[in-house]
Amino acid sequence: MYHDIAEQLIQDILAGKYPVKLPTEQVLMNRYQASRNTIRKALDVIFAHGLVRRVQGSGYYVIDHSEQSSAVLNMSIGFDQTAMVKGGPLKSKVVKFALIPATAALARRGNVAVGDPVYQVVRLRYLKGQLYDLEESYFPQVIVPHLSAEIAAGSIFTYLRNTYDMVGSTTENYIQSRPLPAEYADLMTTSGKGDLLCLDGINYLASGKVFNFSRTYFVYPGLTLYYHTTNIDLDQ
């Protein structure tokens, strides 16, 4: 339940509903008819995703990214990777959907065997009507039994959580510059010359199994990457 509360609060923060500070724990308990422990777990999720800062004795204050950029990609958010961005949510257009055998390259990236069936989803995603990115993602069928183009047009991660109680445990992200594959050149508003900002992501279940791996090419102007970290005193 706390995941649902956290996701709703994150959407509210990104939509500007709480420009300065989150409501108190008591207010949230009454609003969601949830225990204090559930609310605190939801707040822990929001804090870990870098959207608020804790002020002891005062509450949770929303982090303002407006001075950095009008387009901030929060790399700490893990519900649906880049689906939760300021000014969003992103709108998706599925341009390719298929169940294919994993090639050697896909097998290495997804920790599956060559030939294992994987769902391939290629989506164009838009922010405020402007092209934001092209995402090429894969879901091993042995982990995700069913997926469709209709489902992929929305939030795939929400579908996986609601249908299979599948919640990601950890994510590995690799940011690099890569050329856009020629097969996607006609889909993107780019000349095809030069590299694009590219994010390779691998999402794991608590069991250590990969349930999704993806490669996303960003074209949105003025995009800023944001990370949230918690300092650890190694001397203690």
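Visitor: Before we look at any residues, when do two strands count as paired?

Guide: Two strands pair if DSSP finds at least two bridges between them. Keep in mind that this model is predicted. Here, S7, residues 170-178, runs antiparallel to S8, and nine bridges join them. Within that pair, Glu 172 stands opposite Ile 202 in S8.

Visitor: What about the other partner, how many bridges join S8 to S9?

Guide: Eight, and again the strands run antiparallel, with S9 covering residues 210-218.

Visitor: Is S8 mostly covered or mostly open?

Guide: For that you need a cut-off: buried means under 20% relative accessible area. By that test S8, residues 196-204, is mostly covered, with eight of its nine residues buried.

Visitor: Now the nonpolar cores. Which residues have the most contacts inside the largest one?

Guide: A core is a set of buried nonpolar residues joined through side-chain atoms within 4.5 Å. The largest has 22 residues, and Ile 13, Leu 22, Ile 39, Ile 46 and Val 52 have the most contacts inside it. Helices H1 (2-14), H2 (25-32) and H3 (36-48) each give two or more residues to this core, as does strand S2 (59-62). There's also a second, separate core of 15 residues, including Leu 147, Ile 156, Tyr 159 and Leu 205.

Visitor: And what does Ile 46 touch, leaving aside its neighbours within four places in sequence?

Guide: Ile 46 is then in contact with Ala 6, Leu 9, Ile 10 and Ile 13, plus Leu 51 and Val 52.

Conventions
Residues are numbered from 1 along each chain as its sequence is written. This is a predicted model: local features need pLDDT of at least 70, side-chain atom pairs count only at pLDDT 80 or more; totals for chains, interfaces and linings use all residues. Side-chain values use heavy atoms; hydrogens and water are left out. Buried means under 20% relative accessible area, exposed over 50%, partly exposed in between (1.4 Å probe, protein chains only). Helices (H or I, at least four residues) and strands (E, at least two) are DSSP runs, numbered from the N terminus. Contact means heavy atoms within 4.5 Å.
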